Amino acid sequence: MKQQANLIRAGQVIEHDGRRWTVLKQQIITPGKGGAFIQVEMRDLKTGNKTNERWRTADTVERLITEDKEYNYSYSDGETLVLMDPETFEQFMIPVDLLGDQAPFLQDNMVLNVNLVEGDPVAVTLPPHVTLEIIEADPVVKGQTASSSYKPAILSNGVKTMVPPFIEAGESVVVRTDDASYVERAKS
């Protein structure tokens, strides 16, 4: 279906130059002189190549309709994730590249939302938050105010994040899967 370019959002699948692309990032730019335009970073679904494209906000693009389906994550087999359909118990394989920076946050039996276009997986969405253990945290610096200062820490999946000074190594915390930012101390 046709839509205006200024309505493009991350996660959508569009058709451009006879190929299918998944939108990674979009930004509307308003220069000081001339009309506004939208800059889109997108990945080719077949080759995996990334490109940037610019459209005027009034231009139209072809948006492909995606079907959302939930799968349970079973295990990773190198470059492939093996998922299970919770209704039919059939296995479904997708490339790990679809997760991008969120791959370290995969956990056993996690429910993933997979976007499909004509049966082909085009995007994977993880739950917004996961609970992980802090394996290393810097000591508190005296004189820091608790309200605005954060210290670096390493999560059990190897990802670095910033946590409040009262969080120590060995504690479990809830973090966002999209940017690895601290949400709260895990409730026991």
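Tutor: Helices (H or I, at least four residues) and strands (E, at least two) are DSSP runs, numbered from the N terminus. The span of residues 68–122 is 0% helix and 55% strand, and its end C-alpha atoms lie 10 Å apart. UniProt, in an unreviewed entry, gives residues 68–122 as "domain: Translation elongation factor P/YeiP central"; such annotations may be inferred rather than shown by experiment, and positions follow the numbering used here, with feature names shortened.

Student: What kind of model is this, and how are residues numbered?

Tutor: This is a predicted model, where local features need pLDDT of at least 70, side-chain atom pairs count only at pLDDT 80 or more, and totals for chains, interfaces and linings use all residues. Residues are numbered from 1 along each chain as its sequence is written, and side-chain values use heavy atoms, leaving out hydrogens and water.

Student: How many helices and strands does the protein have?

Tutor: The protein has zero helices and 16 strands. One of them is strand E3 (residues 19–29), which holds Threonine 22.

Student: Is Threonine 22 buried or exposed?

Tutor: Buried means under 20% relative accessible area, exposed over 50%, and partly exposed in between (1.4 Å probe, protein chains only). Threonine 22 has a relative accessible area of 4%, so it is buried. Of the protein's 188 residues, 34% count as buried.

Student: Which residues does Threonine 22 touch?

Tutor: Contact means heavy atoms within 4.5 Å. Leaving aside residues up to four places away in sequence, Threonine 22 touches Gly11, Gln12, Val13, Glu41, Met42, Arg43, Leu45 and Val122.
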